[in-house]
Amino acid sequence: MNAEALKELFRPFGAVTVKRTFGGAGVYAEGLCFAIEQDGEVFLKVDAQSEPTFSAVGSSPFVYMARGKPVTLSFWRLPAIAHDDSDELRRFASLGLQAARRAAEAKAKSKARKPAIGRGQRR
């Protein structure tokens with residue numbers, strides 16, 4: 001799926017930016033990557049709060065092989081109903097963006113808690 005097709009898919013949700021990554025694409029809103037595309041499949045960001053909603057509609061996580069072992073990312077397949085129903089697309093894309101926001105907030109809090117190491121100090 002090319003960048004224009006991804007923008008068209010997410011049009012009911014709002015304007016998105018698409019950046020090529022690792023043979024696929026990242027889909028961004030508000031500067032946050034809330035979706036990825038790989039081999040024509042779209043996956044949305046999930047977390048502990050949103051994962052049950054995706055699971056309930058039969059979605060599944062993005063898994064790839066690294067060094068012969070499966071690696072599961074916190075992105076789940078865009079449910080089929082969201083491809084055909086703009087309200088469902090908005091709902092699931094919003095869940096993905098909310099999960100991306102929470103992840104960014106957690107990362108920012110984690111960085112804020114780490115003390116800065118000054119010159120001459122050891123780790």
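**View 1. The largest pocket of this predicted model has a volume of about 240 Å³.** A pocket is an open set of points on a 1 Å grid over the protein atoms alone, where a 1.4 Å probe fits and protein lies on both sides within 12 Å along at least five of seven lines. The volume is the space filled by probe spheres set on the points, which are joined across faces, edges and corners. Lining residues have an atom within 4 Å of a point; among them are T21, F22, Y28, E37 and L73. Strands β2 (24–29) and β3 (32–38) each supply at least two lining residues. Strands (E, at least two residues) and helices (H or I, at least four) are DSSP runs, numbered from the N terminus. The lining divides into seven nonpolar, four polar and one charged residue. Ala, Val, Leu, Ile, Met, Phe, Trp, Tyr, Cys and Pro count as nonpolar, Asp, Glu, Lys and Arg as charged, and the others, Gly among them, as polar.

**View 2. S60 sits in the loop between α2 (51–56) and β5 (61–66).** With 25% relative accessibility, S60 counts as partly exposed (buried is under 20% relative accessible area, exposed over 50%, partly exposed in between; 1.4 Å probe, protein chains only). Leaving aside neighbours within four places in sequence, S60 is in contact (heavy atoms within 4.5 Å) with F43, F75, W76 and R77.

**View 3. S50 is found in the loop between β4 (41–45) and α2.** At 1% relative accessibility, S50 counts as buried. Residues up to four places away in sequence not counted, S50 touches K45, A99 and R102.

**View 4. The structure holds five aromatic pairs.** The rings of F13 and F34 have centres 5.3 Å apart and planes at 40°, so this pair is tilted. Rings of Phe, Tyr and Trp (its six-membered ring) pair if their centres lie within 6.5 Å; planes under 30 degrees apart count as stacked, over 60 as edge-to-face and the rest as tilted. F13 lies in the loop between α1 (3–9) and β1 (17–21) and F34 in strand β3, so the pair ties together parts 21 residues apart in sequence. F34 is buried, with a relative accessible area of 0%.

**View 5. F43 and F62 form an edge-to-face aromatic pair, 4.9 Å centre to centre with 65° between the planes.** F43 is in strand β4 and F62 in strand β5, 19 residues apart. Both F43 and F62 are buried.

**Notes.** Residues are numbered from 1 along each chain as its sequence is written, and side-chain values use heavy atoms, with hydrogens and water left out. In this predicted model, local features need pLDDT of at least 70 and side-chain atom pairs count only at pLDDT 80 or more, while totals for chains, interfaces and linings use all residues.
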